[in-house]
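Subject: Structure for your files

Dear colleague,

Here is the structure you are taking over, with the sequence alongside. My notes on what was found in it follow below.

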Amino acid sequence: VDFADGISDRDAGERLSRSLEGKGAFRRFKNALYQRHPELISAWHALRDARARIRAVQWLADEGLIDEDAAQPFQREHRQTDLP
């Protein structure tokens, strides 16, 4: 949803947002992205990967495997991914 709302191409954003409604949303989103908007695939991967890294660092901190003081700067530095 954040990706669809954050891209500058409003038509593409609206199509991707609609694909996220109801059952099967993830498959429809992926199909819409890959089939209709291949120019956005690298931006989607960058956002998805950045968020996965942030979740992983938070999990490490929650489990006590890294210090929270080390996790917070990483999360701040990697929170924003520029969208086209």
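The axes of α3 and α4 come within 9 Å of each other and cross at roughly 140°. On the α3 side, Phe-29, Leu-33 and Tyr-34 meet Ile-41, Trp-44 and His-45 of α4, where contact means heavy atoms within 4.5 Å. Helices (H or I, at least four residues) and strands (E, at least two) are DSSP runs, numbered from the N terminus.

Before going further, the basis of all this. The model is predicted, so local features need pLDDT of at least 70 and side-chain atom pairs count only at pLDDT 80 or more, while totals for chains, interfaces and linings use all residues. Residues are numbered from 1 along each chain as its sequence is written, and side-chain values use heavy atoms, with hydrogens and water left out.

From α4, the residues Ala-50, Arg-53, Ile-54, Val-57, Gln-58 and Ala-61 meet Glu-68, Ala-71, Phe-74, Gln-75 and His-78 in α5.

Beyond α5, Asp-82 lies in the segment that follows that helix. Asp-82 is exposed, at 69% relative accessible area; buried means under 20%, exposed over 50% and partly exposed in between (1.4 Å probe, protein chains only).

Aromatic rings

A pair of aromatic rings is described by the distance of the centres and the angle of the planes. Searching the whole structure gives three aromatic pairs. The rule is that rings of Phe, Tyr and Trp (its six-membered ring) pair if their centres lie within 6.5 Å, with planes under 30 degrees apart counted as stacked, over 60 as edge-to-face and the rest as tilted.

One of them is Phe-3 with Trp-44, edge-to-face at 5.5 Å centre to centre and 70° between the planes. Phe-3 belongs to helix α1 (residues 2-6) and Trp-44 to helix α4 (residues 41-62), so this pair ties together parts that are 41 residues apart in sequence. Phe-3 is buried at 1% relative accessible area, whereas Trp-44 is partly exposed at 23%.

Trp-44 also pairs with Phe-29: the ring centres are 4.9 Å apart and the planes stand at 65°, so this pair is edge-to-face. Here the link runs from Phe-29 in helix α3 (residues 25-36) to Trp-44 in helix α4, 15 residues apart. Phe-29 is buried, with a relative accessible area of 7%. Through ring pairs, Phe-3, Phe-29 and Trp-44 are linked into a cluster.

Charged side chains

Side chains of opposite charge can pair when their charged atoms come close. How many salt bridges does the structure hold? There are two, a salt bridge being a side-chain nitrogen of Lys or Arg within 4 Å of a carboxyl oxygen of Asp or Glu.

Arg-51 bridges to Asp-2, with the closest N and O atoms 2.9 Å apart. Arg-51 is in helix α4 and Asp-2 in helix α1, so the pair ties together parts that are 49 residues apart in sequence. Both ends are partly exposed, Arg-51 at 34% and Asp-2 at 45%.

Asp-49 and Arg-48 form a salt bridge with an N to O distance of 3.1 Å. Asp-49 is partly exposed at 31%, and so is Arg-48 at 38%.

His-37 is placed in the loop between α3 and α4 and is buried, at 5% relative accessible area. Leaving aside neighbours within four places in sequence, His-37 is in contact with Ala-12, Arg-15, Leu-16 and Ala-32.

Ser-19 lies in helix α2 (residues 10-19) and is buried at 7%. Not counting residues up to four places away in sequence, Ser-19 touches Ala-25, Arg-28, Phe-29 and Ala-32.

Regards

Technical notes
Axes are lines fitted to C-alpha atoms, for helices over the stretch in contact, and angles run from 0 to 180 degrees between N-to-C directions.
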